[in-house]
Amino acid sequence: MFVFDTLSLVFVTLILLGAIPNLFYSSGYLPHIERKTHYQLHYFTFIFSMLGVVVSANAIVFLFFWELMSLTSWQLILTEVKEKATIKAARFYFTMTHFGFLFLLLFFLIVTDGDLTVGFAAMKLSASHFAYPTLLFFFLLLGFLSKAGAVPLHVWLPYAHPQAPSPVSALMSGVMLKVAIYGMFRFLFDVLYPWPLEWGIVILTIGALSSLVGVLYALSEHDIKALLANHSIENIGIILIGFGMGMIFDTLGLHTLSTFAFIAAIFHTFNHMSFKSLLFMGAGSVLHQTHTKNMEKYGGLIKAMPVTAFTFLIAAISISALPPSNGFLSEWMIFQSMLSSSHMVNTSLKLAIPFAIFALAMTGGLAIACFVKAYGITFLGLHRSTNAKHAHEVNFLMRFGMILMTLVVVSLMLFTPFYMQYFDQVMVGLGRASIYAQIFPNGIWNMHSVGINGGIVSPLILLLSLGGVTAFIMFAYRVFGIKTRIHNSWACGYKTSAKTQYTATGFAGPIRRLFDWLYKPQEHFSKQTIAGHETKFNDSHYEVHVKPLFEKVFYTSIVKAVNFTSYWVYRLAHFEQTRYAAMIFNIMLVVLFSYRIFAHDFSWATFVLEFFVMMISVRILIIGDKK
Amino acid sequence: MILYFVTIILLVLIAPMLLSYIKATKMMLLFKRPISIFQGYRDFSKLMHKETIISEETSAITTYAPFLVLSPLLIVMFFLPPVVHGSYYVSFVDAFTITGLISLSTFFLMLLGLDSASAFGGMGSSREAFISALVEPAMVLTIFSVSLMAGDLGVGQAGVNLAQHFPEEHMASFLFAGISFFILLMAENGRIPVDNPETHLELTMVHEAMILDLTGVYLAIIETASSIKFVIFASLFASLFMPFGLEFSAPIAFLIFIAKLFFIATLVALLEVNTAKLRLFKIPNLLGLAIVFAFLSLITFYVLGA
């Protein structure tokens, strides 16, 4: 019923690391929630169900906890229903998560042969007898990636995450998405093991697309929590790039490289859990003080909220993959595993991998831009609204939660070898050779790549030298005893005020303009002119909104198709009785005719004949004359 | 080991001279009376004697960020490839770390721009973020290609390997990677097609806009950082794409290296005089060119070589 192997335990650790600081934060946040019992009940059940998912050993328990996790998180989104958008977001989330559940159920029904209580080994046996393993793979992808939020099933994240209370968004984005990654590891390794090459390529492509799409929409976002939710899409994409590389290397027989890529994926899973939870907590504190999610209304919060600002800075450095943070280390590992693609023999594949490298590198660059924007507009400069002016530091429990999470982030950076040992054990548990000794061949100081042209990174040395050099320069600055004077900003002689600052919209302007073809932004510009003079105005207002292309193209067209079908169903419901009788007659014809196909008594001539008979009877009996 | 430290100190010391040299060359080519190549040192000492003025709108970021802009770049100086054969070099750091450290420095510079609450700072940060986001993919792909040719991702080791076994069979990809890297050198250091370091016109400035509100020692620190950044890129270009002259005895090899740096500086000055500054929204075309060359370099390596 339950399994406690290394993979499960490592993910249990991940959930606990994400949940324990969150408990403190949540307790600090609690006074501002109206329905306390409802919230507490669902909050603890949510954490419990996530733990349940990662330790369950058969399908029925897995599905039970999975569904419990979805339902409790759905209710948690509905904790504070103040605007209609919340209900809409919750409904969207509910639909998407059950869309995934459907495919998971299909997957389990096939691999367990209907007996949902069998273990993974039995599942593997039935899966190996199933004629279409790729179908199973796609069920698994749709099931887990709709939860993890990878392209094209990512659209619900920027709606659902911002609407939940902040501790819950931290849990959902930081931890719940990782449970889906656990599912990928568990079932791809334990049930569907020998993978064809194409599966890895599919996952790599999805990962590369998700990372780019996530970061691009994050840049165009002004809602700070939606921005972070979009970054979750990006980071899930990065994890999937590592995962896909692992699968590709595995099918090509490069087992060491494959293990390295999988370890990189697990490491990034941990890192994303840590910094994304911290970022959501920071965003939650800011939101809590300013009562708005709009970044244009923030500014200058670093003076009023130093703890929040400092922890947010640590997380921002980490998510931007800047050395020597933990985010840099895992992204370094994923880059290294992609650079090792030169070991492959297949030239077309070798030529294709650089495109994924390009996507990941572009993502890294844009993520830096995005977090400069998020940090700079939120915490630096002058306050842009009265609420931001009156903000002050959040209460002790919330601060404590954030500090604890910062410690998790820092520990993932400082004790990388320690964590890496366990990630390595996960891969050993999944039947791989240990490569810990190859990653850390001489002590904990240097991390090596396992490829031939691979590199080396030394996180601790970097950290020490950065600290040392900075301290040295600052010491020198003090020793020189330079006089400091406080004066207002020069800014070429213009007077600075909250309104003269750059806005978040303006900051992302150049990038938005470059990716105009993707964003297709809707611009709203209004200007109060003086006496009709175009160039003279005393007030102007500019706003840009970007609606995700995927949502516009993909989801809206599905909605249209459903509407269209339901219109025909509606018309059907209002037929006369004679037409119903005709329909029953036609259905009987279909059954009789299709029986021949199943009885293998099939010939094209009879098929064509029967088709025409059907068409004529439908035309005459059901559709009838047009009035 | 002594040689290693002497190299670093000398490189840091000649950093301001290189930028002054570029400026002087440009002025000479434009028939102006050139500034002295020691102008950089004079500016530095003048700024060191000034008091620091901190804007009242700023926060702790302005107090600490200048140090954090300089220190990653100073650390990168320790990781550069050796100038003389047999000299010590750091083998435990690879090219990704170096680009990461440079990004870290840029990250704090961009925050510094946003901190002073002036429109100029924000404008500079926004443009810098835009440019550095586009530089990143080209940089990573170029690194990848060079690491394949040199057989190592660590820049120190790569420099040594390239000097010992020049990849003649991969000359095409070597050249493409070189072109790509040179474009990146111009873009990252804010030279003319991308940014004009000499004007303070809001239409054109990127780097200068971010540091508009700094003065005194802080400005000196930032100026030092930007000159060190140029030395880093120039010496990476010199070691990786002009890998010769290491086998001579220490003083001669060092002179050759300095000559290479000045050659690159001359090249930059010539390009600056002969090109106009691009509009901000044309910069993606230039950086796209760098990306295309990096891809070409990889493709030719895979298709023609090995």
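Residues are numbered from 1 along each chain as its sequence is written, while chains are lettered from A and ligands numbered from 1 in the order in which they are written. Because the model is predicted, local features need pLDDT of at least 70 and side-chain atom pairs count only at pLDDT 80 or more, whereas totals for chains, interfaces and linings use all residues.

Q: What is the radius of gyration of chain B?
A: Chain B has eleven helices and one strand; helices (H or I, at least four residues) and strands (E, at least two) are DSSP runs, numbered from the N terminus. The globule rule, 2.2 Å times the number of residues to the power 0.38, is compared with a radius taken over C-alpha atoms. For 306 residues the rule gives 19 Å, and chain B is close to this, so it is as compact as a globular protein of that length; its radius of gyration is 19 Å.

Q: What percentage of the residues of chain B count as buried?
A: A residue is buried if 20 or more other C-beta atoms, placed from the backbone, lie within 10 Å of its own, exposed if 12 or fewer, and partly exposed in between. Of the 306 residues of chain B, the share that counts as buried is 62%.

Q: Is B:Ser87 buried or exposed?
A: B:Ser87 lies in the loop between helix 3 and helix 4 of chain B. Among the residues that B:Ser87 touches are B:Leu3 and B:Tyr4, where contact requires C-beta atoms, placed from the backbone, within 7 Å. Because 20 other C-beta atoms lie within 10 Å, B:Ser87 is buried.

Q: Which helix of chain B gives the largest share of the side that touches chain A?
A: The contact takes 70 residues from chain B and 67 residues from chain A. Several elements of chain B each supply at least two residues of its side, including strand 1 (52-55), helix 3 (60-78) and helix 5 (119-150). The largest share, 20 residues, comes from helix 5 of chain B.

Q: How far apart are the C-alpha centres of domain 2 and domain 3 of chain A?
A: Chain A is divided into domain 1 (1-194), domain 2 (491-545) and domain 3 (550-623), with bounds that come from an automatic or database domain assignment. Between the C-alpha centres of domain 2 and domain 3 of chain A the distance is 55 Å.

Q: Is A:Ala321 buried or exposed?
A: A:Ala321 has a positive phi of about 60 degrees although it is not a glycine. The place of A:Ala321 is in the loop between helix 13 and helix 14 of chain A. Because A:Ala321 has 28 C-beta neighbours inside 10 Å, it counts as buried.

Key:
Contact = placed C-beta atoms within 7 Å. Lists of a residue's contacts leave out its neighbours within four places in sequence.
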